[in-house]
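Biologist: I would like a close look at one residue, followed by a connected account of the surroundings in which it should be read.

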Amino acid sequence: MYFDTHAHYGSELYDTDREELIASMPARGVELIINPGCTLESSQGAVALAERYDHVYAAVGVHPSDCHTWSDEVEQGILALTGHPKVRAIGEIGLDYYWKDNAPAELQKEVFIRQMEIARKTGLPVIVHNRDAHKDTMDIVRRYKDVRGVCHCYAGGIEDAKILVKMGWMLSFTGVITFKNARRALEIIKWLPMEHIMIETDSPYLTPEPFRGKRNDSGYVHLVSEKIAELKGISPEEAARITTENARRFFNIPG
Ligand code: NI
């Protein structure tokens, strides 16, 4: 059974079949899902969805692409949600310098730091998004030695990976590792100790091969796990078991 550690079921791409799709996951081998928010509203939606399904948990936070929505009220709203029993992380948070329409780096960093503070205060782990902002992301992460986290859809280099592993962080991988042009992430997975690896879909995007381009869902997460098994030279069952154990430990959901 698999643990999809990152899927956005609040996306409008699921408006026609969200409930059936989520309900079908245990029968498709997916025993647990983390659904992260990107704004206060979508974080509230993630909590509401988690209340309806035993196998769905929530993360709450403001995504770097949405950090122009940040305010004191939003901060208080996110903090209030952290008391909910199905909230298991602060996320997704981080920095994204790829999209030119995103808020300036200074605001992104401030919103990221404020949410690292919430993680420190609540003891929850963080789910970090980093696109084209490796140095600034690492600078902030390294200031919070008491905060645990995962770099979702890891796209950094081996040197940062080594630092993160030393800090006890997790690296999580998506369907991108099944794409034909994947190279660096594959080298990192070969090196990375198995107990630091988690799997995710980042649904509705990043659908693994051979379904690339179609809408993604947690039912495809086995393809990510199988690719990791191949790279590590272990059986698919072993990769599924270890990545699920890792995620249960990280999100504090004992089996
Ligand atoms: Ni995401």
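Does Arg 212 count as buried, partly exposed or exposed, and at what relative accessibility?

Modeller: Arg 212 counts as partly exposed, because its relative accessibility is 43%, where buried means under 20% relative accessible area, exposed means over 50% and partly exposed lies in between, with a 1.4 Å probe and protein chains only. The model is predicted, so local features need pLDDT of at least 70 and side-chain atom pairs count only at pLDDT 80 or more, while totals for chains, interfaces and linings use all residues. Residues are numbered from 1 along each chain as its sequence is written, and side-chain values use heavy atoms, with hydrogens and water left out.

Arg 212 sits in the loop between β8 (197-199) and α8 (221-232); helices (H or I, at least four residues) and strands (E, at least two) are DSSP runs numbered from the N terminus. When residues up to four places away in sequence are not counted, Arg 212 touches Phe 179, Asn 181 and Thr 207, a contact being heavy atoms within 4.5 Å. Pro 26, by contrast, is 186 residues from Arg 212 in sequence and 23 Å from it in space, C-alpha to C-alpha.

Arg 142 lies in helix α5 and counts as partly exposed because its relative accessibility is 40%. With residues up to four places away in sequence again left out, Arg 142 touches Ile 163 and Met 167, and its C-alpha is 8.7 Å from that of Leu 164, a residue 22 places away in sequence. The buried residues of α5 (residues 134-142) are Asp 136, Thr 137, Met 138, Ile 140 and Val 141, and these pack against β4, α4 (105-122), β5 (126-131) and α6 (158-166).

From β4 the account passes to the strands. Three bridges join β3 to β4, in parallel, and four bridges join β2 (residues 30-36) to β3, also in parallel; two strands pair if DSSP finds at least two bridges between them. Ala 59 in β3 stands opposite Pro 36 and also opposite Ala 89 in β4. In a regular strand the side chains alternate between the two faces of the sheet. In β3, Val 56, Ala 58 and Val 60 point one way while Tyr 57 and Ala 59 point the other, and all are buried.

The nickel ion is coordinated by His 6 (NE2), His 8 (NE2), Glu 92 (OE) and Asp 202 (OD), at 1.9 to 2.7 Å; donors are N, O and S atoms within 2.8 Å of the metal (3.2 Å for Na, K and Ca), and sites may look incomplete because water is not among the atoms. The angles among the four donor atoms run from 83 to 170 degrees, and the site is irregular. His 6 counts as buried at 1% relative accessibility, and Glu 92 does at 2%.

Aromatic contacts complete the picture. The structure holds five aromatic pairs, counted where ring centres of Phe, Tyr and Trp (its six-membered ring) lie within 6.5 Å, with planes under 30 degrees apart called stacked, over 60 edge-to-face and the rest tilted. The rings of Tyr 9 and Tyr 14 have centres 4.9 Å apart and planes at 45 degrees, so that pair is tilted. Tyr 9 is buried at 1% relative accessibility, and Tyr 14 is buried at 0%. Phe 250 and Phe 251 form an edge-to-face pair, at 4.8 Å centre to centre and 90 degrees between the planes, and ring pairs link Phe 3, Phe 250 and Phe 251 into a cluster.

Technical notes
Tetrahedral: all angles 85-135°; square planar, octahedral: opposite > 155°, others 65-115°.
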